[in-house]
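Subject: Structure for your review

Dear colleague,

Please find below the structure that I am handing over to you. I would be grateful if you read the notes under it with the structure open.

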Amino acid sequence: MRETPLSNCERDFLLKAIQEKKRLEGRQTYDYRNIKITFGTDYGCCIVDLGKTRVLAQVSCELVAPKESRPTEGILFFNLELSPMASPSFELGRQSELLVKLNRLLERCLRNSKCIDTESLCVVSGEKVWQIRVDVHGEEVTVYSADERDPIPLSIYHMPICVSFSFFLQGTYLLVDPCEREERVMDGLLVIAMNKHREICSIQSSGGIMLLKEQVLRCSKIASVKVSEITDLISRALENDKRVRKEGGKFGFAESIPKQRITALKSDEAAIEMTDMEEKAEGIISSTEPPSEPVPSPVVRAPGTGQVGESLENAWGVEQLEEEEEDSVDHVMDEGQEKEEEEEEESQYCNKADVVVISDSEEEEVVVLHQEAQVDSKQQVSGPQQPGTGDSKKKKKKKKKPVQ
Amino acid sequence: MEVDVQSTLTLREFGCEQNLLSRPDGSSSFVQGDSSVLAGVYGPAEVKVNKEIYDRATLEVVIHPKSGPPGVRERAREQCVRETCEAALLSSLHPRSSLSLVLQVVHDDGSLLACCLNAACMALMDAGLPMGCLFCGVTCAIDQEGQIITDPSAQQEKNSRAVLTFAIDSAQRRVMMSTTKGSFSVNELQQCIAVSQKASEKIFQFYRDSVKRRYSKTL
């Protein structure tokens, strides 16, 4: 599915609003969207909500052989997926430009900045190391401001936090943490990854905009403020999670469903009352026919020869037989009625075409049988419901034909 | 260890949230105990020419596992969910269009397929797509002693002899889809179906309550 294009009106509106120092969501220029961090019941799993952007991350590990060039180091692997749930334009299994860009950003920010002690992941030098795999599922991607923390005591030296800045109208205007709409009209994007010690871990500039030195410096100053805020939030969330786990209280995503929201509902554990279950099951079984007895030992003429259906029950003709039976029952049950119907039908038939073609099919046999009656019935032609009966009759005939 | 008949026939706590994502036409998250699935639906929308069906909508179902690339197990689940949805949806009302359903496993603690089905149904409801009936998924496990456990956790599934999942429709409580693993007798199968049909009433009541709450004027 293609993405809905942004109309010129919308584009102009957004740009004009930015010029007037207003933003679509009512934020100020340097305001961040709300961040919500939820941890799962597994270790190493979290959902981060940034405004309406939602990302699920899972850390897992396995023992693998290390790289030959670095026998004492563990491997940190990032797998980023842009789920089609996030946007209809994201396709499965396609390496889009955005995906590559974000994956690279993650790698540079988290692996190359050496924030995780990869040497501590080594089990046997040169033979076995832990491979840490981080699966990130973009679920509602508008912009990616990633941060990753591993509740398993992976030794983390520092936490790089990304802050994104967007530039509009050739760098005249600057916004922090652009939302999806704003990203679509921006000229350039600058992502700064920084830790709380105010060390820059990586800078990525895209969109091909020329930035002045002052602008980059200003951005890095803003970033340092935001980073300390976010680091605080993350450590508070982590502590909270740890405390709840320790106390044995409830945690995980099930607890994170907001109770005050009208679109959400939670129910308690419900027992299913089942008193008649066994009787019911036995009733069904007794009312169904027992399956046909399997042949105790099929006849094998000679070992290794192919044979078909030898000494087994033949089910090929069964369907036809049933149909024939049904038909005969029909004949018996409402013979009188059928005669009438057939007469009517034939009369219609005759009205349409006066020539009666005699062939050896069943229909015509009937015609021959009731020829006298048929002449009479020509007069009492068909009320409004009769074409219907005629039709149904014809259908039935068609069904019969293959039997003959 | 003595197992009480009543205690094994329970459904864990349910939780559901609809319309939680802004981009998809319909979305829901469904929680059963600790199992949690997030679903998003797009459609009816433009369809690719090679996937176009001239008299009905094309339904695509994708299930993302939590970690690692999707494998054969996900494909099998996708097929189960797709066939159930196709049976319930009146897709002939939207010919030559595409419906896509994306499911993301958030946490697997047993009864995952049932949870996927429930999340899918809630998302389809949220998207307002025409359906002939609603459906729900119920998983039953049969343990070594022949005891039936409804809505088993991952641990219970692991210890059981057979795991059966059914999709039940809301109109006549009929079985729309069934998938089984392990060995069981005909009698046990019928018992499981009977249990699932009973359990589906609870789930449909939950659907009803949550939709009622959603469209109510006050909390």
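This is a predicted model: local features need pLDDT of at least 70, side-chain atom pairs count only at pLDDT 80 or more; totals for chains, interfaces and linings use all residues.

Residues are numbered from 1 along each chain as its sequence is written, chains are lettered from A and ligands numbered from 1 in the order in which they are written, and side-chain values use heavy atoms, with hydrogens and water left out.

The interface

Chain B brings 63 residues to the contact and chain A brings 56 residues, where contact means heavy atoms within 4.5 Å. About 5,000 Å² is buried between the two chains, and carbon and sulfur atoms give 60% of that area. Buried area is the accessible area (1.4 Å probe) that two parts lose on being put together, summed over both. On the side of chain B, the residues that lose the most area to chain A are Arg23(B), Lys66(B) and Arg213(B), together 13% of what that side buries.

Arg23(B) also takes part in a salt bridge with Glu180(A), at 3.4 Å from N to O. Which element gives the most residues to the side of chain B that touches chain A? It is α5(B), with 15 residues. Helices (H or I, at least four residues) and strands (E, at least two) are DSSP runs, numbered from the N terminus. That side of chain B divides into 26 nonpolar, 24 polar and 13 charged residues; Ala, Val, Leu, Ile, Met, Phe, Trp, Tyr, Cys and Pro count as nonpolar, Asp, Glu, Lys and Arg as charged, and the others, Gly among them, as polar.

A strand pairing also links the chains: β11 of chain A (residues 264–266) and β2(B) run antiparallel over 3 bridges, and two strands pair if DSSP finds at least two bridges between them. Within this pairing, Leu265(A) stands opposite Cys16(B).

The domain records

UniProt (unreviewed entry) places "domain: Exoribonuclease phosphorolytic" at residues 11–130 and 134–198 of chain B. Such annotations may be inferred rather than shown by experiment; positions follow the numbering used here, and feature names are shortened. Residues 11–130 of chain B are 28% helix and 34% strand.

Yours sincerely

Notes:
A salt bridge is a side-chain nitrogen of Lys or Arg within 4 Å of a carboxyl oxygen of Asp or Glu.
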